[in-house]
Amino acid sequence: MSGQTVSRRDRLRAQTSAEIKAIAMKLMADGGPDAISLRAIAREMGMTAGAIYSYFATRDDLVTTLIGDVYTSAVTVAESARDAVPDDDPGGRIMAWAQAMREWAVANPEGFRLIYGDPVPGYRPPEDSPGKQAELRACTGLIGLVADAWPSARALQPADREHRWSDFDPDLVARVRADFPDLPPAAVALTLRVWGRMHGLTALEIYGHLRALTHDPGSVYLDEMRDLIASLGLGPNTGRRPTANG
């Protein structure tokens, strides 16, 4: 047999690990971040506490894995959608990223809440965690979208507001100046506003506020993204139609 063949024991371990993570997400969906508990998961699965600790030594280890899985999934979807649009269509790339992130969130509401909702009480993520790496990819992706739009957007920014590098987190500044050395502080401020417009309606939808007011939140979101793209001076952009689920 090939040395790369996965043993039955490894398959069972992977299946159990996946089940543990699925139950943790269900517990969070039902009871919020506080509900994530290794002992509660063990009871749900009919395992002993000692057995579950052989998969995840602490609750924080489990949360770190969950956040890494969820955030990596989200940003991979967004990057793939963006990269399917030509580089010379910055508006289309923004639309693709935004629509992909919303569609991912609608399909994975518990995951959205885990990475963008209330923090898990007492949890502090390791600096080198997969979730931190995915967050960096998402941040870099958004800055890149604004960098591509900046030649058109620059002249449309408020003239009465002067941005300085000291306005922003030093780690963010260092990242921008290393990866996008030609971008000024005003472009970083614009990136935060773009993120807010993408994220805001999605959060309202996932937390049930938007759906209480409209049966078609997907179209509301699409119109907002079209307006966002126009506000960047990128011209009309029809974008993709909302999916059937929203």
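## Buried rings

Phe 112 and Tyr 116 are both buried (under 20% relative accessible area, with exposed over 50% and partly exposed in between; 1.4 Å probe, protein chains only). Tyr 71 also counts as buried, at 9% relative accessibility.

This is a predicted model: local features need pLDDT of at least 70, side-chain atom pairs count only at pLDDT 80 or more, and totals for chains, interfaces and linings use all residues. Residues are numbered from 1 along each chain as its sequence is written, and side-chain values use heavy atoms, with hydrogens and water left out.

## Aromatic pairs

Rings of Phe, Tyr and Trp (its six-membered ring) pair if their centres lie within 6.5 Å; planes under 30 degrees apart are stacked, over 60 edge-to-face, the rest tilted. The count comes to two aromatic pairs. Tyr 71 and Tyr 116 have ring centres 5.9 Å apart and planes at 70 degrees, so this pair is edge-to-face. Tyr 71 lies in helix 4 (residues 59-83) and Tyr 116 in helix 6 (residues 109-116), so the pair ties together parts 45 residues apart in sequence. Helices (H or I, at least four residues) are DSSP runs, numbered from the N terminus.

Phe 112 and Tyr 116 form a tilted pair: 5.1 Å centre to centre, 50 degrees between planes. Both lie in helix 6, four residues apart, about one turn of the helix. Ring pairs link Tyr 71, Phe 112 and Tyr 116 into a cluster.

## Charges over rings

A charge sits over a ring if NZ of Lys or CZ of Arg is within 6 Å of the ring centre and within 35 degrees of the ring normal. Arg 13 lies over the face of Tyr 55, 4.3 Å from the ring centre. The charged end of Arg 113 sits over the ring of Tyr 207, 5.5 Å from its centre.

Definitions and conventions
Helices (H or I, at least four residues) and strands (E, at least two) are DSSP runs, numbered from the N terminus.
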